[in-house]
Amino acid sequence: MPRLIKTLSRTSRTIIRPYASSNGFNTLLPVDRIVGTFAAVELAEFRQRAFAPERPLLITTRDGTASTAANAKTSHQSLPAAHKWFTHEVGTSPNLVLTLSEQYLSLFQDTILPYELIIDPNGNHLQEYLDWAEAENNGRQELATSLAQLLSDFDDSSFHHFNAPLSLFLQGCKPTPSHIRPPRLYIAQAQIADLPKQLQDDFPTPRIVKEAGKGDIYDSNIWMGIPPTDTPLHKDPNPNLFVQLASSKRIRLFEPATGLKIFRDVQLKIGQYGSASFRGDEMMEGPERDALDEAVWGNTLKGEGYEAMVSPGDALFIPRGWWHSIKSVGNGVTASVNWWFR
């Protein structure tokens, strides 16, 4: 395996993913849904219920009954990546357990990807992980060395982004003892077009992305992280089809005017006047992040929004201009893919 330390580099790229402001809402309505797979959804129905009126829509194989390993596995087959990137294991619970397929992904371990790393400012969890990984003969020494090097280059901020090989994530996803927390690594907005051809082929563009509108695809990306992961309140300039591959995510959505009011109220509260369209590191740490989280996910009651639980095989359509915030659910590795299109 090549030395990770030689291929790590910080990046100054602009983060363009939308960030969700936290806000507690009196009424959280369920997102309208179609039961079925996003590969088989009728275009006319999708256009009528979601695309034309610009309303969010959840496309899911779950009909509201308790999920089982059998139906979860069936619903997880819409994209080749779902069964090639992850191994399906039936655990002690009736739900399907998805683990990263190191056998497959290790073939592409040298692929350079954009990472985010969140460091808990109130604890020593990352340092404890590094000490444990360096002391034990557990195949994580290179990861520990690489992260230690990055930390020596970082300032005192809690949020960092850098470029590194896929192998970094594969090592970070290996199981740890219960008293050791793995690093909060997040492969964020890795463009599918930048992946090796074989991995690109694991993400064929869904029919509704190609045919529901003009057929213009603005961008497509993968998002894969070690939980907990979250994206603060933000809005997208184009319609977004968000597909869940592994684990689940809870997404809160707000109509354009409602979301803008939340954002403006937060800015006023913390004494800032940032742009609602272009967000940077300020939404990932510090007072803005905390205020947004409280506004969207806390107990304050200042409006109404919508909420959807997106599970493996589900697709959520997010209209342009709708504000949304995302949180991972559970302890398993989480993975999603999205297409911004017109």
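**Helix packing and salt bridges**

Helix α10 (residues 256-270) and helix α11 (residues 286-297) have axes that come within 10 Å and cross at roughly 135°. That angle makes α10 oblique to α11. Please keep in mind that this is a predicted model. Across the whole structure, a search finds 15 salt bridges, and a few of them are described below.

**The α10 and α11 pair**

- Two packed helices are described by the angle between their axes and the distance between the axes.
- The crossing of α10 past α11 is right-handed.
- On the α10 side, the residues in contact are Ile262, Phe263, Val266, Gln267 and Ile270, and they meet Pro287, Glu288, Ala291, Leu292 and Ala295 of α11.
- Sorted by class, this contact between α10 and α11 holds eight nonpolar residues, one polar residue and one charged residue.

**Arg62 with Asp314**

- Side chains of opposite charge can pair when their charged atoms come close.
- Arg62 and Asp314 form a salt bridge through their side chains, at 2.4 Å from N to O.
- Arg62 sits in the loop between β5 (57-60) and α2 (69-75), while Asp314 sits in the loop between β15 (304-310) and β16 (315-318), so the pair ties together parts that are 252 residues apart in sequence.
- Arg62 is partly exposed, with a relative accessible area of 23%, whereas Asp314 counts as buried at 1% relative accessibility.

**Lys174 with Glu102**

- A salt bridge also joins the side chains of Lys174 and Glu102, at 3.1 Å from N to O.
- This pair links distant parts of the chain, 72 residues apart: Lys174 is in the loop between α7 (166-172) and β10 (184-191), and Glu102 is in helix α4 (residues 102-105).
- Lys174 is partly exposed, with a relative accessible area of 23%, and Glu102 counts as partly exposed at 37% relative accessibility.

- In the salt bridge between Asp201 and Lys197, the closest N and O atoms are 2.9 Å apart.
- Asp201 is partly exposed, with a relative accessible area of 44%, while Lys197 is exposed, with a relative accessible area of 55%.

Key: Residues numbered from 1 in each chain as written. Predicted model: local features only at pLDDT ≥ 70, side-chain atom pairs only at ≥ 80, totals over all residues. Heavy atoms only, no water. Axes fitted to C-alpha atoms, helices over the stretch in contact; angles between N-to-C directions. Helix = DSSP H or I, 4+ residues; strand = E, 2+ residues; numbered from the N terminus. Parallel < 35°, antiparallel > 145°, perpendicular 65-115°, else oblique. Left-handed = near helix turned anticlockwise from the far one by under 90°. Contact = heavy atoms within 4.5 Å. Nonpolar A, V, L, I, M, F, W, Y, C, P; charged D, E, K, R; others polar. Salt bridge = Lys/Arg side-chain N within 4 Å of Asp/Glu carboxyl O. Buried < 20%, exposed > 50% of the residue type's maximum accessible area, 1.4 Å probe, protein only.
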